[in-house]
Amino acid sequence: MKMIDFGKIERKWQKRWEKEKAFAVTRNQKEKYYVLDMFPYPSGEGLHIGHAFVFTLGDIYARFKRLQGFNVLYPMGYDALGLPAENAAIKYKEHPMDYNKRTTANFMKQQKAMGWSYDWSRIVRTDDSDFYKWDQWIFLKMFERGLAYRKKSGVNWCGKCQTVLANEQVVNGRCWRHEEQEVEVKQLEQWFLKITDYADELVDGLDKLDWSERAKKLQRNWIGRSEGTEVDFDVNGNLWKVFTTRVDTLFGVTFLVISAQHPELMSLVTKEQETDVRKFLKKIKSTKQEDMDKLEKEGVFTGSYAQHPLTGEEIPIWTGNFVVADYGSGMVMAVPGHDERDYDFAKKYQLEIKKVVEADKLPFSGYGVLVNSEGFDGLKSEEAKNHITNALQMKNLGRKKKAFRLRDWLISRQRYWGTPIPIIYCDKCGIQTVREKDLPVKLPKKVEFGKGNPLLTNESWIKVKCPKCSGGARRETDTMDTFANSSWYFLRYTDSGNNKRIFDSKKANYWMPVDFYIGGPEHITMHLIYARFYTKFLRDLGLIQIDEPVRRYFTQGIVHAKDGEKMSKSRGNVIEPLKIIEKYGADTLRLFLVSVASSDKDFNWSDKGIEGSLRFLMRVMKHKWRAKKSDERVEHYVNKSIKEIAEDIEYMKYNLAVIKLRKVFDVIESGCSKKDMESFVKMLSVFCPHVGEELWSRFGKGLVSKSSWPKFDEKKINDSIEKADEALSKTVNDIAHVLKLIGKGEKVYVYVLPQEVKNYDEGFLSEKVGLPVKVFAVNDSKKYDPQGKSKKVKPGRPGIFVE
């Protein structure tokens, strides 16, 4: 088979799309639709097969929505700040700014080679100061409203990154980027964003979203809203607020536990216990709850006691490795008689255990009737919660309260390649914000890379005048977590060229929210929570009218190597998209990637599979299109495909859509009307746009990418035709089975019911089985039936005789 130069065809149409700005959009009277791929980090290694897969998913959907008549925004940009770029620059001895310019240009070239239909006029790059100026502006607005603040805190520190990690970036006690690197806990002054102010709304808003239940459940669990009672315990004259969801067990408290990472821990430690406590603290490796949960529960006595708010008893205060510093006050009440963890801890350290809910055996964590609970005995647990809370409120030592597992977002990073935090420190005036007119605070180019924060090596950048007193001051040298950049980039796409404002509100309100967002499941509890927080804050500034940034979120699968292993250079099993494009063409790669499995499922690469996709496109391209009147069979398959392929694309069942596309081509290959040809090409074009354009140019006008999705005629859909085809295919298989059993044959006879004769084409059957086939109706008096096979015929089950 003579090969077709797909590369030449692809370059031809890519050039035309670019020349005509085919996918650039502005506001108009059409209904808008915003499709978004997660912007990538422009790695020096270029596009990998995961990018090829996930961006093809988005492109197919965007093309489909355009053909449906929507005004589609489908932008692209680059998540270019962050540690990977900094580390790569150090490795290749090239400044991150120069490194990124080179890699981004290369990345964009590779993306265009795949035929993705982005509006390139809206491109954003997070390392462009025209972009990160607005990161800084948002920070200032949060600072003005008390949502950005600085405090000393126990933080996760990666020795290899030489920076702080957010809890979401710690996996099994190790750095998310360096899987071999254990995280340690340090007490540092850090900048935080008060995401917890929006915690209630972040939970409640999930009900409105068209996300999978799994995704919504992950966010709910991560935010972790609990309703209970805040109880005041007197410790040396100071009141410590302790949150509990089981205030009904208050009389069973025999000790309190303060987090080992609590910044005020040492204020509770007596001289006698200081050595033991410091020794214990060296064992703590992470501030993350999941990591704490996996540890054996350990602790040490601080030497201090608290006073029980209702009994006045002295209760010892311990520190433990299982309490989160920012959950409630960072101190919890321990009720070993009614909590398994507390029970084990009490047994281990020989602490008192009390029964305050009737039970046959301790620990008992369920609800029941209270005992040994002064004045509240005999009450059921739920009733007792209200009565005990009321008693605390009367003494001004307690109140109803909500608590969240979600903690304020630590955004400080001790690295160079990030958005500078717009803060100035003056010995006289204290913490001062950079004036808006002085934004952006640009990253200095002259820094030294090595150990620690490179910004500390540029004294001339650090030294600055105080904006209040004009005296000597110094800049903040921490930069922002790069999740700050990605928390609002989708809004910048709506007005990316605006130099005066973060974006025009009218434009943002037209395009937002994102209607369809594709990304990995790992972003549900990081990026998407932060993006929802930023959106709500910008709404509260009056810049946008929406509550949520993303209406529908789809999690894609992962492409594995042939053997099912994760792709890696060390294993030598990496599939390079550009090499595949050079050999097979971009459309072949696109078609294969969405043919193998459902879009949300993982799958393995297959050389045989991509060869199959190539053969199909070769057939399509070499086909001599012959227009003629479509018969009923052709009309059925074309109209049903138009209807069902649209449904499959809408629900991301691309693999099923491709099966139907192949089937309809098999049917129209023998000839069909011009209208049905066009319908097929339009459907094919969303998957294989270059081939689609080339075919369209033979009989259509303009670009198929800017045409319209074909309309189906329900009256022409006749499922009995398909059932007949299925019966015919089954008969071919049955004949092949008979031939295999007898080992030989010269002629085949098929017997069917009279009303089914029209469904069994002798020519088709003869071609498929490779022998002459004669079809008889069972009531045909002239039929040849030496073994009486026609007597056993049933509807859809013909008789077969071979001689």
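A residue counts as buried when its relative accessible area is under 20%, and as exposed when that area is over 50%. This model is predicted. Keep both cut-offs in mind for what follows.

**Lysines and their partners**

Start with lysine 141. Its relative accessibility is 14%, so lysine 141 counts as buried. Its side chain meets that of glutamate 144 in a salt bridge, 3.7 Å from N to O. Both residues lie in helix H5. They sit three residues apart, about one turn of the helix.

Side chains of opposite charge can pair when their charged atoms come close. The count for this model comes to 63 salt bridges.

| Pair | Closest N to O | Location |
|---|---|---|
| Lysine 65 and glutamate 650 | 2.8 Å | helix H2 and helix H20 |
| Lysine 774 and glutamate 762 | 3.8 Å | strand S29 and helix H25 |

Is lysine 65 buried or exposed? Lysine 65 has 5% relative accessibility, so it counts as buried. Its salt bridge with glutamate 650 links distant parts of the chain, 585 residues apart.

The pair of lysine 774 and glutamate 762 spans 12 residues. Lysine 774 belongs to strand S29 (residues 773-777), and glutamate 762 to helix H25 (residues 762-769). Lysine 774 is partly exposed, at 34% relative accessible area. Glutamate 762 is partly exposed too, at 29%. Salt bridges with shared partners also build one network, which joins Glu201, Arg532, Lys536, Arg539, Asp540, Asp547 and Glu548.

**An open sheet**

Strands of a sheet pair through backbone hydrogen bonds, either parallel or antiparallel. In what order do the four strands of the open sheet run? The order is S6-S5-S9-S17, with antiparallel pairing. Strand S6 (163-165) and strand S17 (409-410) are the edge strands, and each pairs on one side only. Three bridges join S5 (residues 148-158) to S6. Asparagine 156 has leucine 165, in S6, as its bridge partner.

Helix H5 (residues 129-144) returns here, packed on the sheet. H5 touches S5 and strand S9 (183-193). The directions of H5 and S9 make an angle of about 80°.

**Nonpolar cores**

The largest nonpolar core has 91 residues. Phe680 and Phe687 have the most contacts inside it. Helix H2 (residues 49-67) gives this core its largest share, 11 residues. What does phenylalanine 680 contact, leaving aside its neighbours within four places in sequence? The partners are Phe616, Val620, Trp625, Leu661, Val664, Phe665 and Ile668. A second, separate core has 84 residues, including Trp137, Leu193, Val441 and Met526.

**Backbone details in loops**

Two peptide bonds deserve a look. The bond from leucine 362 to proline 363 is cis, with omega near 0°. Proline 363 lies in the loop between helix H10 (340-349) and helix H11 (381-394). The bond from leucine 439 to proline 440 is also cis, with omega near 5°. The loop between strand S20 (430-433) and helix H12 (459-462) holds proline 440.

Now for phi. Lysine 21 is not a glycine, yet its phi is positive, about 50°. Lysine 21 sits in the loop between helix H1 (6-20) and strand S1 (32-37). At 62% relative accessibility, lysine 21 counts as exposed. Asparagine 396 is not a glycine either, and its phi is positive at about 60°. Its loop runs between H11 and strand S16 (398-404). Asparagine 396 has 59% relative accessibility, so it counts as exposed.

Terms used: Residues are numbered from 1 along each chain as its sequence is written. This is a predicted model: local features need pLDDT of at least 70, side-chain atom pairs count only at pLDDT 80 or more; totals for chains, interfaces and linings use all residues. Side-chain values use heavy atoms; hydrogens and water are left out. Two strands pair if DSSP finds at least two bridges between them. Helices (H or I, at least four residues) and strands (E, at least two) are DSSP runs, numbered from the N terminus. Contact means heavy atoms within 4.5 Å. Axes are lines fitted to C-alpha atoms, for helices over the stretch in contact, and angles run from 0 to 180 degrees between N-to-C directions. A nonpolar core is a set of buried Ala, Val, Leu, Ile, Met, Phe, Trp, Tyr and Cys residues joined through side-chain atoms within 4.5 Å. Buried means under 20% relative accessible area, exposed over 50%, partly exposed in between (1.4 Å probe, protein chains only). A salt bridge is a side-chain nitrogen of Lys or Arg within 4 Å of a carboxyl oxygen of Asp or Glu.
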